[in-house]
Amino acid sequence: MRKFFLGCVGVAFSGLVACSDLPTAPTSSQPDARLSGLMGCPRGPDGENCYTLPPVSGGPTIPACDPWMDANWCKGDQCVMGVPAVNGPEFSGIASCPIGGWPIGGPGQPGGPGGDGGSPPPAKPPLEQPDTACNTPTDQIVTSSAIQSAFSTIWQQSNYGLPHPQRREQGGWITSDGFGGLQFTPFPSSWAREPCRIGFPAQVTPPPNVVAWVHTHPYRNGELLTECQQQQLPNGARVPFTYRGDPSWDDDDITRSLRQAGYAHVRGYIIDEDKITWFTGDDTPTSVGSYSRCGY
Amino acid sequence: MLNMGFLIGVLSALTAASADVTAAQACPTEVPNTRVLVERFLTRAAHEPSRQETGLTGTLPSSIRLLQSETDDAVCARLNTAIGSSSGQSGPWRWTYYTAGGRYVVAMQYVSPPGERRVGFVPIFVYDASMRLLGTYAM
């Protein structure tokens, strides 16, 4: 059973650490630096930097186990990667965590060198258990059962399978609950949902603890879009467009805008008939990727 | 003494004719964020099937060239006819003409109305040298 890690996002939003993106689980082909005890937050799939944690010495004896596969904290978990609540008891722990995350047994922490040695560590937040049926081990948002449930809901609301005029793009914000879990909040109902677009307001203000936004493209790769507003040419001709499963320029643009507005780690997700696509809004080869369809 | 009415009529006719020629042959001015659509079409992995359909596989973004008046008037006139407008804009839409890999590409952007930020697809149209529409793609 894999743990749910989200510390980098939460810590980044607390303004304490610039650890940037969701950690990735190790794969058989790519050794995970975190397992060596050196990395507190492995590099995310979009290549952003994470900080290096020094090895923790002292503290209580932590049993050896696979930090990715065992739900109990174990050797290799220098910092709990759950998301702390600002001003909560976990917050002070973060402040003294050497680089990032929420320390456990580290220097200056309960049970660690310089700590009081006796006071109990703060209660661990409940860990969200990912849906292990999904073969998308590198993204804790996609493997979140709560988010998969949201994916399922908005996909159903998108009316894929019905004629194009009845389809609707749907979407919402993915936020951290502050305790290692994720939540989904649909976009306001006042935002227009149409077959090929969502009508955002001119000024978009996401929730402060946003980590991503997701929306549907209720189409499959190669499908001809017949109901998009922009099909009407000036000469009156209507031309269907071919859908290719890529984030639209607008999708990238709004993600860029969010990141530039201070939501520096926000990602976009698109779910369509074929797959899940994540994107950061940059026009680089590493700014977009996809997973197998999962959870919807 | 000149007949002023006749003179005004002649001048008006000449002005109208000149405007028609200009409108029919001018290439639209480049619109922001349209070149990037063509670049994405040429580089994004998801659009590889589209590149195959249009014969643009392997075409580099560096080969994209803006069609400009004077040098490309004849081509722009044909594209204007295909699109149905010579102004480069219609309603909320603005577009630019490019050529790359022996194809002509019309890339459109949408200008959102006040108070809204539309998040949807924008199209590009790919034509061959004979102005045959090879494909239209959501970007």
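Q: How many helices and strands does chain A have?
A: In this predicted model, chain A comprises 4 helices and 12 strands. Of its 296 residues, 52% count as buried. Among the contacts in chain A with a separation of 6 or more, 60% are between residues 24 or more positions apart.

Q: What are the corresponding values for chain B, and in which order do its elements run?
A: Chain B has 4 helices and 7 strands. From the N terminus the order is α-α-α-β-α-β-β-β-β-β-β. Of the 139 residues in chain B, 43% count as buried. Residues 24 or more positions apart provide 53% of the contacts in chain B with a separation of 6 or more.

Q: How should I read a sheet, and in which order do the strands of the open sheet in chain A lie?
A: In chain A, 6 strands form an open sheet in the order β4-β3-β7-β10-β11-β12, with mixed pairing. Strands β4 and β12 (288-292) of chain A each have a single partner strand, so they stand at the edges and one side of each is left without a neighbour in the sheet. From one strand to the next, the twist averages 25°.

Q: In which sense do β3(A) and β4(A) pair?
A: Their pairing is antiparallel, over 5 bridges. Within this pairing, T175(A) stands opposite Q183(A) in β4(A).

Q: Which helices of chain A pack on these strands?
A: Helix α4 (residues 249-260) of chain A packs on the sheet and touches β3, β7, β10 and β11 of chain A. The direction of this helix makes about 165° with that of β7(A). Helix α3 (residues 145-157) of chain A lies across β3, β4, β7 (210-216), β10 (267-271) and β11 (275-279) of chain A, and runs at about 20° to β4(A).

Q: How is a nonpolar core read, and which residues touch the most other members of the largest one?
A: A nonpolar core is a set of buried residues joined through their side chains. The largest nonpolar core has 59 residues, of which F200(A), W213(A), L79(B) and I124(B) touch the most other members. Strand β4 (residues 103-110) of chain B supplies the largest share of this core, 6 residues. Another core, of 18 residues, lies apart from it and includes F151(A), I154(A), L182(A) and C294(A).

Q: With which residues is F200(A) in contact, leaving aside its neighbours within four places in sequence?
A: In chain A, the contacts of F200(A) are F187(A), W191(A), W213(A) and I254(A). In chain B, they are E116(B), R117(B) and V119(B).

Q: How are aromatic pairs described, and how many are there over all chains?
A: A pair of aromatic rings is described by the distance of the centres and the angle of the planes. The count over all chains comes to 16 aromatic pairs. In the case of W173(A) and W191(A), the ring centres are 6.5 Å apart and the planes stand at 85°, so this pair is edge-to-face. W173(A) lies in strand β3 (residues 171-176) of chain A, whereas W191(A) lies in the loop between β4 (182-186) and β5 (193-194) of chain A, so the pair ties together parts 18 residues apart in sequence.

Q: Are W173(A) and W191(A) buried or exposed?
A: W173(A) is buried, with a relative accessible area of 4%. W191(A) is also buried, at 11% relative accessibility.

Q: Where do charged side chains sit over rings?
A: The charged end of R267(A) sits over the ring of W278(A), 4.4 Å from its centre. In chain B, R118(B) lies over the face of Y110(B), at 4.4 Å from the ring centre.

Notes: Residues are numbered from 1 along each chain as its sequence is written. Chains are lettered from A and ligands numbered from 1 in the order in which they are written. This is a predicted model: local features need pLDDT of at least 70, side-chain atom pairs count only at pLDDT 80 or more; totals for chains, interfaces and linings use all residues. Side-chain values use heavy atoms; hydrogens and water are left out. A nonpolar core is a set of buried Ala, Val, Leu, Ile, Met, Phe, Trp, Tyr and Cys residues joined through side-chain atoms within 4.5 Å. Buried means under 20% relative accessible area, exposed over 50%, partly exposed in between (1.4 Å probe, protein chains only). Helices (H or I, at least four residues) and strands (E, at least two) are DSSP runs, numbered from the N terminus. Contact means heavy atoms within 4.5 Å. Rings of Phe, Tyr and Trp (its six-membered ring) pair if their centres lie within 6.5 Å; planes under 30 degrees apart count as stacked, over 60 as edge-to-face and the rest as tilted. A charge sits over a ring if NZ of Lys or CZ of Arg is within 6 Å of the ring centre and within 35 degrees of the ring normal. Two strands pair if DSSP finds at least two bridges between them. Axes are lines fitted to C-alpha atoms, for helices over the stretch in contact, and angles run from 0 to 180 degrees between N-to-C directions.
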